[in-house]
Amino acid sequence: MRQDEGLTRSVTRVLLVQLGNPVGDEIAQVVARSLRDLGVDVVYGGLQDSLQDIVQAAMQEDVDVVGVQLDSGNALDVSEKIGGQLSGIKVVQLAPNMTVEEAVTVIKEAGAQDD
Amino acid sequence: MIKDVLAGDVRAIAKMISRAEAAKPEDRDALAEVFRHAGKAHVIGLTGVPGSGKSTLAGVLGLEIRKSGRTVGIVAIDPSSPFSGGAILGDRLRMTGLAGDDGVFIRSMATRGAMGGLARASLEAVDVLDAAGFDIVLIETVGVGQDEVDIVQAAHTVVVVSAPGLGDEIQAIKAGVLEIADIHVVSKSDRADAAATAADIRGMLGLGPTRHEDDWQVPVVPTSAEAGEGIEDLVAAMDAHRKHLSDTGAIEQRRRDIIGMRVLKTAEEIIRKDFKDNREQLAVLIDRVMAREIPPREAAERLLESFKKS
């Protein structure tokens, strides 16, 4: 028998979305590029209308981590709201005052965790 | 798991596509079972140079197809970074208005080094969506450069998208994508120069070679996602092409072509993987070629021999 384990190494998949009305998506774009440069497949979903849309996208894309960028007026706990519907998928919230480095770290750490 | 895929369960479909991407030996049986259940969907390839508006078109097409009550799966492919192996998959961003509808399934894929505008597992992802019962599966390729036209042997109907003002006509000739189209779309048709682009394409269609020996008249459909124009016509053209393939029996040849390409591509992939895993042997052969003891072709033949024995 041929050995062909690990034909493709598993790449971490991240869904990056925005909810509410974050001030521009420049930060999210830089976060996306930084993650890509770390070897991550980043599904860049942009502005979503509802939490349910985020759940649907995360399910279809079968990501490991969902990063949700919120606007400053949003005090929502996204993880609490939708985490239950997404077993095996980590949901992290990217606060509007987070730097790119902080956001990347939060996502990387979530991706590194086992359940 | 298979049952859930066939029943259209979103998580099960998504996981199965991930298994196709990971290509682990333990998932082979499951994927073989998926393949046995596929073969019913109308598979449509959308291709064109970067910036021609493929993603946006895929989105509005999805909406239009849904109006007819049919379901649609979309496989959207973006390139991986050759440096990090990561990718930004941004097609979903442009497919607005499809969220919240269970009759639409969008999956983004990275090429991971595969050439030709598709990812290695693209057609397995199509199988999964097909087996799950989606009536139409759209494959949106990477923006093709020159000579990257695998989609022609991956879809039943190939739609080539050109935008006005990009100089696409010339690009299209160079890339060989002009001949592969079953349907031409001129996107952004609300722009003033769109009519000239459409006329150029119509003009060129009369010239070069074509794969349509069977009297299919390749339509040129102007569309504007912005104004919502031409989308209905495009769906009508896709349906007409599917009917034409059935009526003339050409669908069987298309299916053979697709299967043929998949077998060859998979063989290539197995061989490439094997060679990568046997770097020591490769290194020895490279040394001998470096010393000009043997030419590259002989080294290649020796690699293949040892592959056959293993």
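At what angle do H2(A) and H2(B) pack, and how far apart are their axes? The two helices pack at about 40 degrees, with axes 7 Å apart; axes here are lines fitted to C-alpha atoms, for helices over the stretch in contact, and angles run from 0 to 180 degrees between N-to-C directions. That makes H2(A) oblique to H2(B), since angles under 35 degrees count as roughly parallel, over 145 as roughly antiparallel, 65 to 115 as roughly perpendicular and the rest as oblique. On the chain A side, A:Met59, A:Gln60 and A:Glu61 of H2(A) meet B:Val10, B:Arg11 and B:Ala14 of H2(B), where a contact means C-beta atoms, placed from the backbone, within 7 Å. Sorted by class, this helix pair brings together three nonpolar, one polar and two charged residues. The classes put Ala, Val, Leu, Ile, Met, Phe, Trp, Tyr, Cys and Pro under nonpolar, Asp, Glu, Lys and Arg under charged, and the others, Gly among them, under polar.

A word on the model itself. This is a predicted model, in which local features need pLDDT of at least 70 and side-chain atom pairs count only at pLDDT 80 or more, while totals for chains, interfaces and linings use all residues. Residues are numbered from 1 along each chain as its sequence is written, and chains are lettered from A and ligands numbered from 1 in the order in which they are written. Helices (H or I, at least four residues) and strands (E, at least two) are DSSP runs, numbered from the N terminus.

Zooming out to the whole interface, 30 residues of chain A and 30 residues of chain B take part in the contact. On the side of chain A that touches chain B, the elements giving two or more residues are H1, E2 and H2 (51-61) of chain A. H2(A) gives the most, with seven residues. That side of chain A divides into 11 nonpolar, eight polar and 11 charged residues.

Five strands make up an open sheet with parallel pairing, in the order E4(A)-E3(A)-E1(A)-E2(A)-E3(B); two strands pair if DSSP finds at least two bridges between them. E4 (90-94) of chain A and E3 (87-89) of chain B stand at the edges, each with a single partner strand, so one side of each is left without a neighbour in the sheet. From one strand to the next, the twist averages 25 degrees. The link between the chains is the parallel pairing of E2(A) with E3(B) over three bridges, in which A:Val42 has B:Ile88 as its bridge partner. Within chain A, six bridges join E1 (residues 13-19) to E3 (residues 65-70), again running parallel, and A:Val17 is partnered there by A:Val68.

Two helices of chain A pack on this sheet. H1 (residues 26-37) touches E1, E2 (41-48) and E3 of chain A together with E3 of chain B, and its direction makes about 175 degrees with that of E1(A). H4 (residues 100-112) touches E1, E3 and E4 of chain A, at about 170 degrees to the direction of E4(A). The axes of H1(A) and H4(A) come within 9 Å and cross at roughly 55 degrees, and the two helices are therefore oblique to each other. A:Ile27, A:Val30, A:Val31, A:Ser34 and A:Leu35 of H1(A) meet A:Val100, A:Ala103, A:Val104 and A:Ile107 of H4(A), which comes to eight nonpolar, one polar and no charged residues.

Chain B is assigned domain 1 (2-248) and domain 2 (264-309), with bounds from an automatic or database domain assignment. The centres of these domains, taken over C-alpha atoms, are 35 Å apart. Chain B has an open, parallel sheet of seven strands in the order E4-E2-E5-E1-E6-E7-E8. Here E4 (104-110) and E8 (220-222) of chain B stand at the edges, each with a single partner strand, so one side of each is left without a neighbour in the sheet. E7 (residues 183-186) of chain B pairs with E8(B) over three bridges, with B:Val185 opposite B:Val221.

H2 (residues 10-22) of chain B has a further helix partner in H6 (residues 122-131) of chain B, the axes coming within 9 Å and crossing at roughly 155 degrees. That makes H2(B) roughly antiparallel to H6(B).
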